[in-house]
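This briefing describes the packing and local geometry of a single structure. Please consult the sequence and coordinates alongside the points that follow.

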Amino acid sequence: MRGKLREARIRKKFTQQQIAVRLGVSQQTVSKHEKGLTTPAHFSVIREYERLLGVRAEDVFSDIFC
């Protein structure tokens, strides 16, 4: 499901670095979120992904919303 996060970022024409700056995390962290290797540690980061990328957290982080 995390491929959706990457697709949404690309659709909105953001780089991983731009998202990282807005979320207050590293570019490597954004990469790991997109690959499904890690999940955001704070709920506020998930909500910010929703706001920035126009996605539903339930769709892109379905593993933590089951």
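The points below cover the core, the helix packing, individual residues and selected distances.

The structure is a predicted model, in which local features require pLDDT of at least 70 and side-chain atom pairs count only at pLDDT 80 or more, whereas totals for chains, interfaces and linings use all residues. Residues are numbered from 1 along each chain as its sequence is written, and side-chain values use heavy atoms, with hydrogens and water left out.

**Nonpolar core**

- A nonpolar core is here a set of buried Ala, Val, Leu, Ile, Met, Phe, Trp, Tyr and Cys residues joined through side-chain atoms within 4.5 Å; buried denotes under 20% relative accessible area, exposed over 50%, and partly exposed the range in between (1.4 Å probe, protein chains only).
- The largest such core has 16 residues, of which L5, I19, L23, V30, Y49, L53 and F61 touch the most other members.
- At least two residues of this core come from each of α1 (3-11), α2 (16-23), α4 (43-53) and α5 (57-60); helices (H or I, at least four residues) and strands (E, at least two) are DSSP runs, numbered from the N terminus.
- The greatest contribution to this core is that of α4, with five residues.
- In soluble globular proteins, nonpolar side chains tend to be buried together.
- Contact means heavy atoms within 4.5 Å; beyond its neighbours within four places in sequence, L5 is in contact with H33, E34, Y49, L53, V60 and F61.

- Within α4, the buried residues are V45, I46, Y49, E50, L52 and L53.
- The cover over these buried residues of α4 includes α1, α2, α3 (27-35) and α5.
- After α4 comes G54, which has a positive phi, near 65°.
- One aromatic pair is found in a search of the whole structure.
- The ring centres of Y49 and F61 are 5.7 Å apart and the ring planes stand at 50°, so this pair is tilted; rings of Phe, Tyr and Trp (its six-membered ring) pair if their centres lie within 6.5 Å, with planes under 30 degrees apart counted as stacked, over 60 as edge-to-face and the rest as tilted.
- Because Y49 belongs to helix α4 and F61 to the segment after α5, the pair ties together parts that are 12 residues apart in sequence.

**Packing of α2 against α3**

- Two packed helices are described by the angle between their axes and the distance between the axes.
- For α2 and α3, the packing angle is about 105° and the axes are 8 Å apart; axes are lines fitted to C-alpha atoms, for helices over the stretch in contact, and angles run from 0 to 180 degrees between N-to-C directions.
- The two helices α2 and α3 are therefore roughly perpendicular to each other; this class spans 65 to 115 degrees, while angles under 35 degrees count as roughly parallel, over 145 as roughly antiparallel and the rest as oblique.
- On the α2 side, Q16, Q17, I19, A20 and L23 meet Q27, V30, S31 and E34 of α3.
- The residues of this contact comprise four nonpolar, four polar and one charged; Ala, Val, Leu, Ile, Met, Phe, Trp, Tyr, Cys and Pro count as nonpolar, Asp, Glu, Lys and Arg as charged, and the others, Gly among them, as polar.

**Charged residues and a loop**

- R9 lies in helix α1 and is buried, with a relative accessible area of 9%.
- Not counting residues up to four places away in sequence, R9 touches F14, T15, Q16, I19, E34 and L53.
- R22 lies in helix α2; leaving aside its neighbours within four places in sequence, R22 is in contact with F14, E48 and L52.
- K13 occupies the loop between α1 and α2, where K13 is exposed at 72% relative accessibility.
- Although K13 is not a glycine, its phi is positive, about 65°.

**Selected C-alpha distances**

- D59, in helix α5, is partly exposed at 31% relative accessibility; D59 and L5 are 54 residues apart in sequence and 8.8 Å apart in space, C-alpha to C-alpha.
- G36, in the loop between α3 and α4, is partly exposed, with a relative accessible area of 38%; the C-alpha atoms of G36 and K13 are separated by 20 Å.
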